[in-house]
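Subject: Structure handover and notes

Hello,

Please read the notes with the coordinates open.

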Amino acid sequence: MSDDELLDVQPSRPVWLITLADLALLLVGFFVLLQANQTLSPHELARGIAEGFGVEPAPAAMPVASHGIAGFAPGSAALPQPTAMLVGWARGELRDPRVRLTVTGATDGSAQDVDPATRSATMLAADRARAVAAALTAGGIPDNRLILSTTPAHGPRSVVVTLAFAGETQGTRP
């Protein structure tokens with residue numbers, strides 16, 4: 001047999017069969033991974049997989065300043081005071097494009113401080129946060145720089161606006 005004939009030798013098994021077996025084993029491995037990690041939350045599992053591949057998760061926004069509105073009536077999301085001072089503060093702080101504002105509505109946890117329609121403290125806290133966010137956007141604050149959250153726990157009937165450094169985004173330099 002010449003050297004040219006040796007190079008033309010075909011494998012005894014089709015190549016696609018080996019590839020199919022590899023894919024099947026990969027799928028089995030994935031299901032084994034899911035079965036073995038049933039006690040982990042999806043976020044913990046995703047973080048563990050990312051760490052296994054050497055990927056660092058994006059850092060959470062770091063709160064650095066806050067401002068707020070207090071004095072909401074029980075069961076009401078109507079703003080208890082003008083928001084001009086809050087809007088001015090937000091405008092000044094948002095000059096840096098790396099900053100985001102988190103608007104967190106809160107209830108006092110009493111039976112009276114709930115949404116009248118749903119009897120839900122969480123819904124009332126969300127309505128309060130939305131009312132303040134609407135006042136901020138009416139004052140010229142871009143809504144894509146706002147994050148809404150709720151705290152229907154024991155505390156003051158208020159909305160706290162927290163300034164946070166969200167990190168560099170593509171194309172943003174102060």
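The notes below cover salt bridges and one backbone angle.

This is a predicted model, so local features were taken only at pLDDT of at least 70 and side-chain atom pairs only at pLDDT 80 or more, while totals for chains, interfaces and linings use all residues. Residues are numbered from 1 along each chain as its sequence is written, and side-chain values use heavy atoms, with hydrogens and water left out.

Salt bridges

A salt bridge here is a side-chain nitrogen of Lys or Arg within 4 Å of a carboxyl oxygen of Asp or Glu. Under that rule there are four salt bridges. Side chains of opposite charge can pair when their charged atoms come close.

Asp-108 pairs with Arg-157, with 2.9 Å between the closest N and O atoms. Helices and strands are DSSP runs, numbered from the N terminus (helices: H or I, at least four residues; strands: E, at least two). Asp-108 is buried at a relative accessible area of 18%, and Arg-157 is partly exposed at 27%. For these classes, buried means under 20% relative accessible area, exposed over 50%, and partly exposed in between (1.4 Å probe, protein chains only).

Arg-128 and Asp-113 form another salt bridge, at 2.6 Å from N to O. Since Arg-128 belongs to helix α5 and Asp-113 to the loop between β2 and α5, the pair ties together parts that are 15 residues apart in sequence. Arg-128 is buried, with a relative accessible area of 0%. Asp-113 also counts as buried, at 0% relative accessibility.

Arg-130 and Asp-127 make a salt bridge whose closest N and O atoms are 3.7 Å apart. Both residues are in helix α5, three residues apart, which is about one turn of the helix. Arg-130 is exposed, with a relative accessible area of 53%, whereas Asp-127 is partly exposed at 22%.

Backbone

Most residues other than glycine have a negative phi. Arg-119 is not a glycine, yet has a positive phi of about 60°. Arg-119 is in the loop between β2 (99–106) and α5 (121–138). The residue is exposed, with a relative accessible area of 56%.

Regards
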